[in-house]
Amino acid sequence: MSKSVIFGNRWLPYLLLLPQLLVLLVFFFWPAAQALIQSFMISDAFGNTSTFVWFQNFTRLFKSQEYWDSIRVTIVFSVLTGGLALSLGLLFAIFADRVIRGTAFYKTLLIWPYAVAPATAGALWLFLLNPTMGVLAYLMNKQLGIHWDPTLNRADGMALVVLASAWKQISYNFVFFLAGMQSIPRSIIEAAAIDGARPVKRLFTIVLPLLSPTTFFLLVMNSVYAFFDTFGIIDTTTDGGPGGATSILVYKVYRDGFVGLDLGSSSAQSVILMGFVIALTFVQFRYVERMVHYKS
Amino acid sequence: MIERTPILDLVTHVFLVLCIALVLLPVYLAFVAATLPVAAVNSAPMPYLPGDQLFTNLAAAWAREDLGRQLFNSMVMASGIAFGKIVISILSAFAITYFNFPFRKTAFALIFASLMLPVEVRIVPTYEVTANALTPFIWLIETLTGGMIDIKLRWNLLNTYEGLILPLIASATATFLFRQFFMTIPDELAEAAKIDSATPMRFFFDILLPLSRTNIAALAVIMFIFGWNQYLWPLLVTTQEDMNTIVIGLNRMMPSMDAIPEWNVVMAGALIALTPPVLVIVVLQRWFLKGLVDSEK
């Protein structure tokens with residue numbers, strides 16, 4: 001893990017590590033421990049006294065319909081956002097990979113949404129899709145006869161946050177798919193071409209199978225994105241509404257903790273989410289590393 | 001290209017132009033809205049071609065939420081996070097790679113564990129500790145002394161730049177990246193430095209740091225964007241308007257239900273908020289792509 005040539009110094013390495021470890025201690029491990037402790041406590045409304053209640057916060061959570069709804073909303077939201085962003089990112093990359101001249105031009109114009117803050121992306125899409133004068137809402141109403149209203153209709157609210165979230169994530173997936181495709185050795189593609197495989201055939205029999213490590217990695221990253229980074233989009237567009245239709249788990253932790261001031265429940269939710277992240281990290285390091293088929 | 005496929009090539013270009021149009025659409029319409037007077041933007045359908053009110057709307061947005069101040073705050077926060085992350089992770093990576101000391105693996109594991117604790121899952125307690133960053137130390141001292149010493153020290157980070165920056169600068173990914181890069185540097189360099197009796201820090205500043213320039217540049221771009229786009233954390237720790245970042249400021253501009261929605265001004269504000277990070281990515285594209293791909297390895 002370390003070099004064979006090393007410096008001998010007793011104190012220096014600790015000194016070098018100190019800044020990072022201090023930040024980790026104060027802002028990571030201490031709060032995580034506090035969340036763990038608070039998830040077993042119930043505080044009164046003024047926060048003066050708290051009682052140890054074992055797993056009561058967790059059982060209360062798992063008995064509440066609202067929490068199960070939030071879990072369902074999170075899964076639907078992640079699958080739709082990830083599915084849309086991954087398939088469009090892949091499609092863009094397949095075509096961009098075919099271009100010989102002008103790749104840089106297309107690439108530049110396709111990657112910039114990555115730079116737009118989720119909350120700002122939310123503002124843009126709310127403008128396009130708000131029911132009173134949004135351009136897309138107007139067109140849907142006029143051309144397709146759809147009475148679009150994300151403030152009242154649950155499915156419309158979900159569609160709004162999915163579109164905004166997927167739009168922002170396409171460029172990320174595009175960059176990784178394209179990098180993956182360009183690292184596939186030309187000789188393999190050429191060999192297939194000599195054997196008579198046309199571009200579409202090559203795509204399905206060579207390119208896509210060889211992209212599976214990239215795809216798997218992106219599946220993990222897109223889940224993380226949908227679970228955690230979309231908070232800004234939800235907070236600017238729907239506030240978790242209508243009627244909790246877009247209240248994903250992270251949004252609920254925030255609402256229960258800061259608006260509802262129900263610290264016990266909010267901490268219990270945090271602990272469950274931490275468990276989820278630990279599992280994802282494990283999956284990523286355990287399997288992503290193993291699934292690499294090729295070297296550039 | 002492997003075989004000649006003129007029709008497919010044409011389809012490819014047409015399709016890519018369509019993709020770009022699709023991706024550009026929201027920003028194009030925001031731009032159009034930002035150039036229209038309020039009556040035009042609220043008519044259905046809104047005109048699809050730009051008007052002549054761009055500078056009026058930009059000025060209105062600028063004045064309404066003190067955007068100059070908020071742009072400055074965003075700039076400080078994003079640069080602070082980029083700088084802080086790079087400094088603390090390159091130092092940690094140097095310690096872990098070039099020294100052998102007790103608890104080295106523990107330190108590595110602790111840094112790794114931070115990957116599993118994104119700010120979103122520890123919102124409330126992180127906010128509490130930010131209100132007094134000395135809490136863990138006070139608890140430690142009080143426990144060690146059996147509660148005999150009652151400490152009243154406070155270090156409140158709410159509504160400060162430190163509060164916006166410090167909790168976000170620990171970085172396992174950047175530490176791994178630097179460590180991986182250091183492992184590829186030939187041992188002979190360190191050997192030679194030792195023979196020339198250079199101190200470890202001298203080796204760090206004169207050899208390691210110059211060699212790491214490309215990695216630092218790539219990471220800086222990614223981390224700057226990461227910092228600029230933060231939403232949840234500034235929302236929690238800044239309650240004063242003059243400490244808000246522009247991403248938060250834009251959210252505060254969003255029209256409420258009961259007033260006439262001034263979408264033209266809001267979209268002008270959105271353009272101001274998204275221009276700096278987009279410019280960074282477009283201008284520094286090479287570094288951005290390298291940073292994005294490297295930092296996820």
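**Figure 1. Chain A of the predicted model, taken as a whole.** Take the contacts in chain A that link residues at least 6 apart in sequence: 71% of them join residues at least 24 apart. This is a predicted model, and its chain A comes with 13 helices and 2 strands. Buried residues account for 45% of the 296 residues in chain A. Along the principal axes, the C-alpha atoms of chain A fill a box of roughly 75 × 75 × 30 Å.

Figure 2. Chain B has 16 helices and 0 strands. Its radius of gyration is 25 Å, well over the 19 Å that the globule rule gives for 297 residues, so chain B is more spread out than a compact globule. The box filled by the C-alpha atoms of chain B is roughly 70 × 70 × 30 Å along the principal axes. In chain B, 44% of the 297 residues count as buried. For contacts in chain B between residues at least 6 apart in sequence, 73% join residues at least 24 apart.

Figure 3. Residue by residue, chain B has a mean pLDDT of 85, with 95% of its residues at 70 or more.

**Figure 4. The side of chain B that touches chain A.** Here 83 residues of chain B are in contact with 78 residues of chain A. Helix H1 (residues 6–34) of chain B supplies the largest share of chain B's side, at 12 residues. Sorted by class, that side of chain B holds 65 nonpolar, 12 polar and 6 charged residues.

Figure 5. Is H14(B) (residues 246–253) mostly covered or mostly uncovered? It is mostly covered, with 6 of its 8 residues buried. The buried ones are B:Ile246, B:Val247, B:Ile248, B:Gly249, B:Leu250 and B:Asn251. They pack against elements from both chains: helix H5 (118–129) and helix H11 (231–237) of chain A, plus helix H4 (67–98), helix H13 (232–237) and helix H15 (263–283) of chain B.

**Figure 6. Zooming in on H4(B) against H14(B).** The axes of H4(B) and H14(B) are 8 Å apart, and the two helices pack at an angle of about 145 degrees. On the H4(B) side sit B:Leu67, B:Gln70, B:Leu71 and B:Ser74, which meet B:Ile246, B:Val247 and B:Gly249 of H14(B). By class, this contact has 4 nonpolar, 3 polar and no charged residues.

Figure 7. What does B:Ala33 touch, not counting residues up to four places away in sequence? Its partners are A:Phe127, B:Val41, B:Met46, B:Trp263, B:Asn264 and B:Met267.

**Figure 8. A buried serine, A:Ser266.** A:Ser266 lies in helix H13 (residues 263–288) of chain A. It counts as buried because it has 26 C-beta neighbours inside 10 Å, and the cut-off for buried is 20 or more. Leaving aside neighbours within four places in sequence, A:Ser266 is in contact with A:Val253, A:Asp256, A:Gly257 and B:Val124. For scale, the C-alpha atoms of A:Ser266 and A:Leu24 are separated by 22 Å, and these residues are 242 apart along the chain.

**Figure 9. Two loop residues with positive phi.** Most residues other than glycine have a negative phi. A:Asp239 has a positive phi, near 55 degrees, and is placed in the loop between H11 and helix H12 (249–259) of chain A. With 14 other C-beta atoms within 10 Å, A:Asp239 is partly exposed. In chain B, phi of B:Ser197 is positive too, near 55 degrees. B:Ser197 is in the loop between helix H10 (187–195) and helix H11 (200–211) of chain B. Its 7 C-beta neighbours inside 10 Å are why B:Ser197 counts as exposed, given a cut-off of 12 or fewer.

Definitions and conventions: Residues are numbered from 1 along each chain as its sequence is written. Chains are lettered from A and ligands numbered from 1 in the order in which they are written. This is a predicted model: local features need pLDDT of at least 70, side-chain atom pairs count only at pLDDT 80 or more; totals for chains, interfaces and linings use all residues. Helices (H or I, at least four residues) and strands (E, at least two) are DSSP runs, numbered from the N terminus. Two residues are in contact if their C-beta atoms, placed from the backbone, lie within 7 Å. The radius of gyration is taken over C-alpha atoms; the globule rule is 2.2 Å times the number of residues to the power 0.38. Ala, Val, Leu, Ile, Met, Phe, Trp, Tyr, Cys and Pro count as nonpolar, Asp, Glu, Lys and Arg as charged, and the others, Gly among them, as polar. Axes are lines fitted to C-alpha atoms, for helices over the stretch in contact, and angles run from 0 to 180 degrees between N-to-C directions. pLDDT is the predictor's confidence in each residue, from 0 to 100.
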